Amino acid sequence: MQEKYIDETKQGEAFAIAERPENSKKLFLESYGCQMNFSDSEIVASILNEQGYNTTMKAEEADLILLNTCSIREKAEQTVRMRLSQFKNLKKEKPNMTVGVLGCMAERLKTKFLEEEQLVDLVVGPDAYRDLPNLLKETEDGRDAINVILSKEETYADINPVRLGGNGVTAYVTITRGCDNMCTFCVVPFTRGRERSRDPHSIIDECKDLWNNGYKEITLLGQNVDSYLWYGGGPKKDFAKASEMQKATAVNFAQLLDQVAKAVPEMRIRFSTSNPQDMSLDVFHMMAKHNNICKYVHLPVQSGSNNMLQAMNRQHTREEYLDLIKKAKEIVPEVAFSQDMIVGFCNETEEDHQDTLSLMKEVEYDYGYMFAYSERPGTPAHKKMEDNIPADVKQRRLAEVIALQGELSRKRMKSYVGRTHQILIEGTSKKNENQWKGRNSQNAVCVFDKLEGQKIGDIVNVFVYDNTQGTLLGRIAE
């Protein structure tokens with residue numbers, strides 16, 4: 001998604017897959033929040049497909065309604081609660097319908113959901129989706145069902161996700177789950193648990209299967225992909241206890257990238273999300289080595305101020321971050337970066353804010369996701385720090401950050417003008433049905449006129465002749 005900011009009030013996305021004739025029940029599945037949630041929804045659909053459920057795009061048809069939720073900000077949770085309230089009349093009309101809440105919000109609020117939202121029958125955390133068949137039996141017997149136990153092992157490596165919606169061209173492949181980085185503002189370690197990595201053989205098998213089924217681009221996915229470390233299973237924090245053989249044969253993220261790039265040499269490869277403290281220069285060397293690894297990294301920094309980075313418990317400094325960016329550009333001159341930025345964190349001064357603006361100018365991000373700080377219950381910041389920046393100051397600083405990113409985005413988009421880019425056709429432009437849309441290696445969206453014989457999934461050479469703030473305008477190269 002290439003926008004100035006994320007609309008957290010946006011309704012979730014529902015998806016449907018091809019029906020199995022033998023399935024008699026209907027599942028309405030709606031996802032909110034990050035790419036990990038959408039990937040998890042594909043796992044849920046796969047599990048329930050085996051339990052007799054076909055997906056539907058119409059909630060009123062459903063025997064089972066599931067909302068896969070996000071807890072990252074208060075607005076995201078409010079959106080889900082509002083959505084649940086819309087199902088109350090439907091539940092009265094169909095009392096046998098089951099309504100469930102999945103994901104991070106389910107784990108964070110646990111039994112509160114059953115108490116506060118009277119229509120919710122089922123509460124399932126991110127590591128408990130295998131238990132869905134048993135939990136649904138509980139609800140069929142008239143009992144509320146809950147499983148929010150976090151696992152140190154679960155990666156769903158053996159489940160072949162069904163592909164929900166999408167364009168049949170791009171797909172997510174989850175490689176890690178959980179997060180060990182205790183950023184003080186973030187709820188993810190508490191809702192998704194300890195960091196663990198998936199067997200590289202299962203990842204490569206999934207990538208090959210996607211290629212054989214016509215997919216042309218994959219995004220390797222995790223809360224923190226750079227932390228990927230496979231040594232036979234278990235949490236990353238226990239790697240120190242691994243045997244000498246396990247340590248000698250362990251696979252890190254750069255090595256995984258190398259293996260995937262070789263296994264599917266014509267597949268475009270992206271990855272998200274990266275963390276500066278765990279990002280290795282080896283990753284950029286792999287990017288330079290393989291043409292099929294896209295030259296783009298989403299590298300959240302959150303603030304340009306060392307004071308704020310320390311308060312956020314980010315395990316890097318401003319200087320270390322800028323040095324990483326500088327070295328990455330030396331290794332991969334055409335690399336592009338995007339950011340996450342939080343303004344108005346606890347005790348943020350005007351000088352801290354100016355540090356953020358100056359860092360943005362130095363890096364020259366292609367685009368970013370920018371937010372005013374939203375206090376999340378249960379996080380270290382909520383427990384130990386005062387959310388003491390006035391709302392009007394937060395909004396003014398946010399507006400300045402968004403405006404600056406707009407300038408930087410226009411500048412970066414302009415740098416792609418006058419050149420020919422390889423674009424993967426992902427679909428029809430929303431604004432003009434006679435134009436295709438796709439992205440270049442740097443993740444910039446490009447639109448161009450359709451020509452006869454072209455189809456979704458083709459990679460074409462496009463000459464970019466102009467740009468807007470977020471879009472490249474092109475035509476098929478001679």
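## Around strand 11

T170 stands opposite E217 in strand 11. Keep in mind that this is a predicted model. The pairing belongs to strand 8 (residues 170-174), which runs parallel to strand 11 and is joined to it by five bridges. Strand 11 also pairs in the parallel sense with strand 14 (residues 268-272), again over five bridges. There, L221 has S272 in strand 14 as its bridge partner.

How many residues of strand 11 (residues 217-221) are buried? Five of its five are, so to speak, tucked under cover. E217, T219 and L221 point one way from the strand, while I218 and L220 point the other way, and all are buried.

## The nonpolar core

L220 turns up again in the largest nonpolar core, which has 55 residues. Together with F253, F271 and F284, L220 touches the most other members. Helix 10 (residues 253-263) supplies the largest share of this core, six residues.

What does F253 touch, leaving aside its neighbours within four places in sequence? F253 is in contact with I175, L220, V225, D226, Y228, F271 and V283.

The UniProt record, an unreviewed entry, has the annotation "domain: MTTase N-terminal" over residues 25-141. That span is 46% helix and 21% strand, and its end C-alpha atoms lie 17 Å apart.

D127 is found in the loop between strand 6 (122-124) and helix 6 (132-140). Is D127 buried or exposed? With 8% relative accessibility, D127 counts as buried. A polar atom of its side chain lies 2.8 Å from the backbone nitrogen of S151. Leaving aside neighbours within four places in sequence, the contacts of D127 include I149, L150, E154 and Y156. Three arginines, R177, R192 and R196, are among them too.

## The cysteines

How many disulfides does the structure hold? A disulfide is a covalent bond between the sulfur atoms of two cysteines. To count here, the two sulfur atoms must be within 2.5 Å. The closest cysteine sulfur to that of C70 is in C34, 6.2 Å away, so the gap is too far for a bond. C207 is in no disulfide either, with the nearest cysteine sulfur, that of C294, 13 Å away.

| Cysteine | Relative accessibility | Counts as |
|---|---|---|
| C70 | 10% | buried |
| C207 | 1% | buried |

Terms used:
Residues are numbered from 1 along each chain as its sequence is written. This is a predicted model: local features need pLDDT of at least 70, side-chain atom pairs count only at pLDDT 80 or more; totals for chains, interfaces and linings use all residues. Side-chain values use heavy atoms; hydrogens and water are left out. Buried means under 20% relative accessible area, exposed over 50%, partly exposed in between (1.4 Å probe, protein chains only). A nonpolar core is a set of buried Ala, Val, Leu, Ile, Met, Phe, Trp, Tyr and Cys residues joined through side-chain atoms within 4.5 Å. Helices (H or I, at least four residues) and strands (E, at least two) are DSSP runs, numbered from the N terminus. Contact means heavy atoms within 4.5 Å. UniProt positions are given in the numbering used here, feature names are shortened, and annotations may be inferred rather than shown by experiment. A polar contact is a pair of N or O atoms within 3.5 Å; within protein, one must be able to donate a hydrogen and the other to accept it, and residues adjacent in sequence count only if both atoms are side-chain atoms. Two strands pair if DSSP finds at least two bridges between them.
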